[in-house]
Amino acid sequence: MQQINSFEAYIKAYQDSVENPEQFWSAVANNFHWTKPWETSLEWNFTEPNIKWFAGGETNLSYNCLDRHLATKANHTAIIFEPNNPDEKVRKLTYQELYIEVCKFANVLQSLGVKKGDRVCIYMPMVPEGAIAMLACARIGAIHSVVFAGFSATSLADRINDSACKILITADAVYRGDKLVALKNIADEALENCPSIEHCIIYNNRNETVNIVPNRDLWWHDQMNIISAENLSVPMDAEAPLFILYTSGSTGKPKGVLHTTGGYMIYVGYTFLNVFNYRDEEIFWCTADIGWVTGHSYLIYGPLLNGATTIMFEGVPNYPNAGRFWEMVDKHQVNIFYTAPTAIRALEACGTQWFEGKNLSSLRVLGSVGEPINEEAWQWYYNNVGHSNCPIVDTWWQTETGGILISPIAGVTPLKPAFATLPLPGVQPVLMDTEGNEIEGNDVEGNLCIKFPWPGMSRSLYGDHERFRQTYYNTYQNYYFTGDGARRDAEGYYRITGRVDDVINVSGHRIGTGEVEDAINGHASVVESAVVGYQHDIKGQGIFAFVIITQHEENLVQQIKDIVSKIIGPFARPEKIIIVPGLPKTRSGKIMRRILRKIAEGDVSNLGDTSTLLDPGVVEEIKRLAGL
Ligand code: PRX
């Protein structure tokens, strides 16, 4: 595949992609293996919406990630696995070895009756078997739904049930730092309420004792031992569903974002190669978990589609100490390092002594993803990690976009700290005003929309196309609405300012305020709650909950935090909770979150107009309780 190697080449590619998008993406798609050529490269409208790339064509993602490389790269390392405990053994899988494991596991799934279109839930630690399970699903046309292994039993059950998964793949347990998480126990609790699950396959990661439900539960190694290593990938329609990934929105339960095969494949393959300017033989390390879209697109699929070596790290950045990342960069001679601003800020707070004795000279490109990166963190990353000679690609994208949309191209796009800079080829961003008009010119700010399809975009929400339309295509007619606000500066560079809806971004984890409120309201003593985000030095945003209760109890605030951990997961625990006598509501009963956000930020200098409130006095009371 052709790589963009100069700014002029970027401008040219961008122009081509806008003037002749079908030709542009067809040329990209031709770099991949198709078992049947497509009939039409693009059919689309943003009203239904209906988006089809390469309709009529057939391909297989697993084949393109594995089989396609065997002739030239069989002995090349595909995955380097670094365990949580640095004293335990590193595992390396070559393309040939990974291919065999994937074929075997594909056979296991088929032997259990999994067919094209069936849903398989993956609730796994960051071990190669997680990747093997995903690739095996893609190989046989099963739709994977990876659930981040930090989610609670309730969240896991909700996700399994929403898409009626047939199989759950999990592990006995995982250590994250010095904390043992008993995944199988959590899975057992979830499975009490999951009638669609026929089998649970358990990977023995830590030799922990687990409960085995006869007939339902099977050990990964038992199944793999008795199965053949030959498996022919199933040709898949370009528009056949590939995976579901649940994500949070402003309202309602999490949405099952659906991605399809051909467009997603070529988009993540193309963007991986270009954004990071990947060069053959390089070692790529993305620190995201496979439970999030970054893990799907740039830890597994993007690198493997390009025959790259990708690192999977089981642990956390501060175990056994805050030098772990830098030690790993040296140990594995990492060339490209891709992480989240929250990790950068957390490590910055630990001080520069953790760089002592670390070389870091293997690094060539740095990446950032998941939330806006503030200028200070950018500079710290650039100077201390990149030794002022590695470009930082600040990559803006979303679960729904499948791959990166706005980002510098490493070594090509002139950088500007805290700016995601320019759209990638094929991406046509626009800023919208409150009346629904495109804002022309530069040095402007508005709501970020995309006006033309790109191959990696989500096609629907699993089982709820109408919700898909309403969430993304209804706010502005004929545009995909991202939910983010952005600024376009005098040079036309984009800076993402953050969500404009009720989604909070805590340490790069996307959390709907409504979900947290529902969890809090589940406590017997809670009458009502309102949740907002506030600026947090390390996490980007923290969660602030205002809660009305029936009666005071001992440890109530702790209990409320615990119920959120239990219902959603520990990462969604509110940082701050205050018990309030009422909430600022309009006469029609709508909570004025704008006021709560200001109070949460500790800035009450200008609360705006409160005259429309049912009881303006409540604001004074909340301010007093918040110590303002
Ligand atoms: O608000 C944007 C923020 O993360 C949201 C998407 O979250 P999620 O679907 O979980 O995907 C995260 C990984 C792609 C966006 O709507 N976001 C993501 N990347 C950036 C960002 N905000 C600013 N700058 C970024 N580079």
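I started at Trp-285 and found it opposite Phe-337 in β19. The strand pair behind this is β17 (residues 283–286) with β19 (residues 336–339), parallel over three bridges. For my own record, strands are DSSP runs of E of at least two residues and helices are H or I runs of at least four, numbered from the N terminus; two strands pair if DSSP finds at least two bridges between them.

Note on the source: this is a predicted model, where local features need pLDDT of at least 70, side-chain atom pairs count only at pLDDT 80 or more, and totals for chains, interfaces and linings use all residues. Residues are numbered from 1 along each chain as its sequence is written, and side-chain values use heavy atoms, with hydrogens and water left out.

Next I traced the sheet. It is open, with seven strands in the order β6-β5-β18-β17-β19-β20-β21 and mixed pairing. β6 (91–94) and β21 (392–395) are the edges, each with a single partner strand, so one side of each has no neighbour in the sheet. I noted an average twist of 20° from one strand to the next.

Then I checked what covers β6. Helix α5 (residues 95–111) lies across β5 (77–82) and β6, at about 85° to β6; angles run from 0 to 180 degrees between N-to-C directions of lines fitted to C-alpha atoms, for helices over the stretch in contact, and contact means heavy atoms within 4.5 Å.
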